[in-house]
Amino acid sequence: GKSTLTAGLAVAAARSGLRVGLIDADVHGFSIPGLLGLNGPDGRPPQPTRIDDLMLPPVAHGVKTISIGMFLPPDATASAVAWRGPMLHRTVQQFLTDVFFGDLDLLLIDMPPGTGDVAISVGQLLPHADVLVVTTPQSAASDVAVRSGEVARQTGQRVIGVVENMAAMTLPDGTVLDLFGSGGGAEVARSLSSPDAEVPLLGSVPLSPGLRAGGDSGVPIVVGAPDDPAARAITAIATALTTRPRGLAGRSLPV
């Protein structure tokens with residue numbers, strides 16, 4: 001659910017008036033174009049417009065977006081990406097240097113799971129980026145999320161918060177369904193916190209049929225059903241992220 005959450009946060013931030021960009025760095029499992037409704041009738045997203053050596057990213061719901069899915073050949077047999085480290089690194093680097101996002105208030109990067117090549121490349125290219133760790137309430141998933149946060153810190157990035165996805169949902173009869181258990185988000189936040197840097201749990205996004213349906217239709221739930229509990233949770237998290245004081249004046253990117 002990291003991609004669904006990233007897309008929702010990007011659209012929620014754009015709806016609040018911010019200029020938002022989104023990089024789909026999950027090269028092997030890209031899904032951002034579909035989640036944002038960029039795919040056409042043939043199921044394929046549009047290619048970026050090229051101007052000299054730069055690419056203009058397509059815009060969906062006010063979010064400028066780039067994904068490897070926009071560059072794959074049209075035949076279905078070539079729709080899977082089977083690349084190793086150097087190709088992955090070059091792709092992420094090009095997304096950061098060759099895509100003209102213009103002036104942005106917020107750039108979100110949807111990361112693949114785990115601590116592999118893409119995570120290391122992003123850490124090298126953006127060593128001062130802020131990292132949002134996403135977990136589910138299940139303890140097995142929270143253990144993996146903690147490791148992801150620790151790897152981010154090893155590259156110089158800062159973990160700014162934890163989001164618990166797929167949290168308990170309230171059924172129509174008032175009962176609460178903890179399908180994946182409870183407490184994983186709070187445990188990840190505690191594990192990543194230290195006396196010098198507290199990592200807060202920024203929110204819990206409950207399981208929601210509307211959230212799934214919005215991803216399938218390409219209309220994020222913050223647009224299609226803003227009063228849904230999941231939509232309200234995502235909007236609150238986006239507000240918490242975008243109202244944090246963060247000075248970037250004079251800070252250069254090493255790319």
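**A chat about threonine 65 and its chain**

Me: Is threonine 65 buried or exposed?

Reply: Threonine 65 is buried, at a relative accessible area of 0%, where buried means under 20%, exposed over 50% and partly exposed in between, with a 1.4 Å probe and protein chains only. This is a predicted model, in which local features need pLDDT of at least 70, side-chain atom pairs count only at pLDDT 80 or more, and totals for chains, interfaces and linings use all residues. Residues are numbered from 1 along each chain as its sequence is written, and side-chain values use heavy atoms, with hydrogens and water left out.

Me: Which strand holds threonine 65, and what does it touch?

Reply: Threonine 65 belongs to strand 5, residues 63-67, with strands (E, at least two residues) and helices (H or I, at least four) taken as DSSP runs numbered from the N terminus. Not counting residues up to four places away in sequence, threonine 65 touches Leu22, Ile32, Leu36, Leu38, Pro57, Pro58 and Met70, a contact being heavy atoms within 4.5 Å.

Me: And what lies 3.2 Å from a polar atom of its side chain?

Reply: That is the backbone oxygen of valine 63.

Me: Switching to leucine 56, where is it and what does it contact?

Reply: Leucine 56 sits in strand 3, residues 54-56, and is partly exposed at a relative accessible area of 31%. Beyond its neighbours within four places in sequence, leucine 56 is in contact with Pro48, Thr49, Ile51 and Phe100.

Me: What about phenylalanine 180, where is that?

Reply: Phenylalanine 180 lies in the loop between strand 10 (176-177) and helix 6 (184-192), and it is partly exposed, with a relative accessible area of 29%. Setting aside neighbours within four places in sequence, its contacts are Pro137, Gln138, Met166 and Leu207. Its C-alpha atom is 23 Å from that of serine 31, which is 149 residues away along the chain.

Me: Zooming out, how many helices and strands are there?

Reply: The chain has nine helices and eleven strands. Its radius of gyration is 18 Å, close to the 18 Å that the globule rule gives for 255 residues, so the chain is as compact as a globular protein of that length; the radius is taken over C-alpha atoms, and the rule is 2.2 Å times the number of residues to the power 0.38.

Me: How much of it is buried, and how far apart in sequence are the contacts?

Reply: Buried residues make up 41% of the 255 residues. Of the contacts between residues at least 6 apart in sequence, 75% join residues at least 24 apart.

Definitions and conventions:
Polar contact = N/O pair within 3.5 Å; in protein donor to acceptor, adjacent residues only side chain to side chain.
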